[in-house]
Amino acid sequence: MPSQRFYRLSEEKRALIWKASMKEFISAPYEKVSINKIIRDAGISRGSFYTYFEDKKDLLSFLLEDTRKKWSDFCAERLEDTGGDLFSAMEALLEYGIEFCKNNDLLRLHRNLVMYPDTVLTECMENDFGFEQEAGEDFFGKIDRSRLKDGTEAGVTLVVKLCTICMMAAFTEYYKCPEKEAVIKESYKKALRLLCYGACKARQKDQVEERSDE
């Protein structure tokens, strides 16, 4: 991970290094990622680069961890903004995710990395961009459980998993057909509504419960 010297840089300088690094990792397979291009685009010297990072694996770990942190922070902020309303927060997360993907081609980044057979890279990526892991305790702790029928830890975790599946499916569709963004967003909102209110009418639900009691 970056040295303390890196964190003593101005926020603007760190952002330049982040942007130049992400651009290079997206543009080239891992083994062809050029430190020279990164330092040129970031406007730093090669010597400075190696006082910030050990090598490009160290830089990659930083990029992935920093992206995870941004995602985690956004998750917690949106949930707080919605007063603990999980479904409103999940709706906002898709909007944020699509905008982030527009500016950072994460799909191509993943393709560039998974093609490189290296255990260190596998370790770097094993938890990359997973919503449940990245949301963290801060997110789960802000959920208003009184709004859910099952507010137990297991119940909340299950609902979050189902929401996550819907969100990942929406991201996949967006990558395939970005021109259908509006349709994808609407389908995602519909899926969240089904999860929130249920797919069955009350009478049908009662009949199912009666059959299970027999």
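Author: Of the 214 residues in this predicted model, 40% count as buried. The exposed surface comes to about 12,700 Å². Carbon and sulfur atoms supply 51% of that area. The fold has 12 helices and zero strands. Take the contacts between residues at least 6 apart in sequence: 68% of them join residues at least 24 apart.

Now to helix H3, residues 35–42. Its buried residues are Ile35, Ile38, Ile39 and Ala42. Seen down the axis of H3, these residues fall within an arc of 90°, so they line one face of the helix. An α-helix has 3.6 residues a turn, so residues three or four places apart point the same way.

What does the buried face of H3 pack against? Its partners are H2, helix H4 (46–52) and helix H5 (56–81).

Consider the pairing with H2, residues 11–27. H2 and H3 pack at an angle of about 145°. Their axes lie 8 Å apart. The crossing is right-handed. From H2 come Lys13, Leu16, Ile17, Ala20, Ser21, Lys23 and Glu24. H3 meets them with Lys37, Ile38, Asp41 and Ala42. By class, this contact has five nonpolar, one polar and five charged residues.

Two residues tie the views together. Ile38 and Ala42 are among the buried residues of H3, and both take part in the contact with H2. Lys37 and Asp41 of H3 also meet H2.

Note on methods: Residues numbered from 1 in each chain as written. Predicted model: local features only at pLDDT ≥ 70, side-chain atom pairs only at ≥ 80, totals over all residues. Heavy atoms only, no water. Axes fitted to C-alpha atoms, helices over the stretch in contact; angles between N-to-C directions. Helix = DSSP H or I, 4+ residues; strand = E, 2+ residues; numbered from the N terminus. Left-handed = near helix turned anticlockwise from the far one by under 90°. Contact = heavy atoms within 4.5 Å. Nonpolar A, V, L, I, M, F, W, Y, C, P; charged D, E, K, R; others polar. Buried < 20%, exposed > 50% of the residue type's maximum accessible area, 1.4 Å probe, protein only. Areas by Shrake-Rupley, 256 points an atom, 1.4 Å probe, with all protein chains shown as cover. Arc of directions from axis to C-beta.
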